[in-house]
Amino acid sequence: MGIARVASRAQLGLAAPRVEVEVHLGAGLPQFSIVGLPATAVKESKDRVRAALQNSGFEYPAGRITVNLSPADLPKEGCRYDLPIALGILLASSQVSFPERLLGCSEFYGELGLAGELKPIRGVLLAAAHASREGRNVIVPAANLSEARLVARGSAGARSLVAVSEMCSGRHPEAFENEYLALPAPANGTPGAVQPDLLDVRGQSAPKRALLVAAAGAHSILFIGPPGTGKSMLAQRLPGLLPPLDTGEALDVATIASVSTSGFSARDYGRRPFRAPHHSASASAIIGGGPRARPGEVSLAHLGVLFLDELPEFNRGVLEALREPLESGVVAIARTALQVEYPARFQLAAAMNPCPCGYLGDPAGRCRCAPPEIARYRARISGPLLDRIDLRVEVTSIPSDELLAEARDPHALSTAVVAERVRGAREVQRARAGKLNSDLNVNEIQQHCLLDRAGRRLLAQARQRLNLSARGVHRALRVARTIADLEKETGPKIGPAHLAEALQLRRAID
């Protein structure tokens, strides 16, 4: 009887502190106890481990088994500790023997089935990234190997407890050799997938222009119009206009996905997120939280697009909770024993009807909504939230001849053409300020968004007529800077025409 130690890692937000699984076998009546702040799923591992050992041909030790998950004051959750607990029992009972060099630099993760098979777990990418920074190997279920290989030079996958014991006993010394795959070049979309094209949207030249401006400067945008006019189609084409993620950005997005409820899929590596939650979603689902402080939709949309269709139908509390991440780009979730922070630098795209029935202003006169009903409907979107939306665009019905035309508009631009313009404008912004226009602070706005006398006079008049707040003025200047960049006006001054278009795009909801 003795003590064995096997390394693993916990998951707290986007942190992955190392956990040492200590197993002691002692004399006494048969008992299996796990200590070290284990959650329910960890406590239940004793039954899975017992069955997995017996069904894999190993002997289940008689006597007292004590498992300590160190550090003891760190909360432990999930099924990832099944494999290290089982290996610790095998090592402590001398049923297997691993080289000290290998055991000292390796970490183990995996859920055990009752027959001894290894099942996939969440958060492998995060744990493997932390292990790789410390120069340690990782052994994971075979289903998680492609995820671990993205970041861990020493990674190996196994399908069962027996395979892990054989691998680490030295029978397969090549397991950690040449297992690292160079990070693939991130692509904006899944290979082979058909991306939505702007050419599919007939007409709507003004909303398309606004979509171009929004993509070029990472500005938030709200489409307002009757049902069936193409609001959702326009929003769904926004990710295709954005430049591909670089390697660091792709890893950030993948890491957040790996700790989410749905987990990470290697097929989505390098893809700009596009999240479109239903309007019945709760605040925890959108912002993040719950007992385990999981990332919400705003974090899962990090560096991508969060699309909120039927914006006024969302719960008022959910919409108000968006205000902080729209400004700061991060979400801080606090619980009694847990405080985590997730990035949430997403681009907001939203859509709404002009009134409860949706047909306000329809030429056929279908709208029967009374003015108080319309006012109450629009009041569901508070002034502070609306003030944080840079572009508010009206989407109107298009004529039948344009909708049913057999040939596309020869002057319409495809997604590829518009994406090239967006890429060029973003390169100018990063070369000038090291960031996109939507991220410019007050000092940078004063430096890069200068107005001549005519522009200052126009802005003063617009602020008075449109009741623009100080935030609204700054956001209008950022949008005007983006419009100037699209027109290849790279100087620090913004022309009156650029400012006028930005103010028009920022009109109030009448």
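Mentor: Here is the pocket, followed by the helix and strands linked to it. This is a predicted model: local features need pLDDT of at least 70, side-chain atom pairs count only at pLDDT 80 or more, and totals for chains, interfaces and linings use all residues. Residues are numbered from 1 along each chain as its sequence is written, and side-chain values use heavy atoms, with hydrogens and water left out.

The largest pocket has a volume of about 760 Å³. A pocket, on a 1 Å grid over the protein atoms alone, is an open set of points where a 1.4 Å probe fits, with protein on both sides within 12 Å along at least five of seven lines. Its volume is the space filled by probe spheres set on the points, which are joined across faces, edges and corners. The lining counts 35 residues; a lining residue has an atom within 4 Å of a point. Nearest the centre lie A218, R345, L436, S438 and D439. Two or more lining residues come from each of α15 (323-328), β17 (347-352), α19 (415-433) and α22. These elements are DSSP runs numbered from the N terminus: helices are H or I with at least four residues, strands are E with at least two. By class, the lining holds twelve nonpolar, eight polar and 15 charged residues. Asp, Glu, Lys and Arg count as charged; Ala, Val, Leu, Ile, Met, Phe, Trp, Tyr, Cys and Pro as nonpolar; the others, Gly among them, as polar.

Take α22 next. Helix α22 covers residues 470-486. At 1.5 Å a residue, its 17 residues should span 24 Å; the expected span is 1.5 Å times one less than the number of residues. The end C-alpha atoms are 25 Å apart, which agrees. Of the 17 residues, 14 are buried, so α22 is largely enclosed by the rest of the structure. Buried means under 20% relative accessible area, with a 1.4 Å probe and protein chains only. After α22 comes K488, with a positive phi near 65°.

Now β17. This strand belongs to an open sheet of five strands, in the order β11-β14-β17-β10-β18, with parallel pairing. Two strands pair if DSSP finds at least two bridges between them. The edge strands, β11 (274-275) and β18 (391-394), each pair on one side only. Four bridges join β17 to β14 (residues 305-308), and the two run parallel. Within β17, Q347 stands opposite V305.

Key. Buried < 20%, exposed > 50% of the residue type's maximum accessible area, 1.4 Å probe, protein only.
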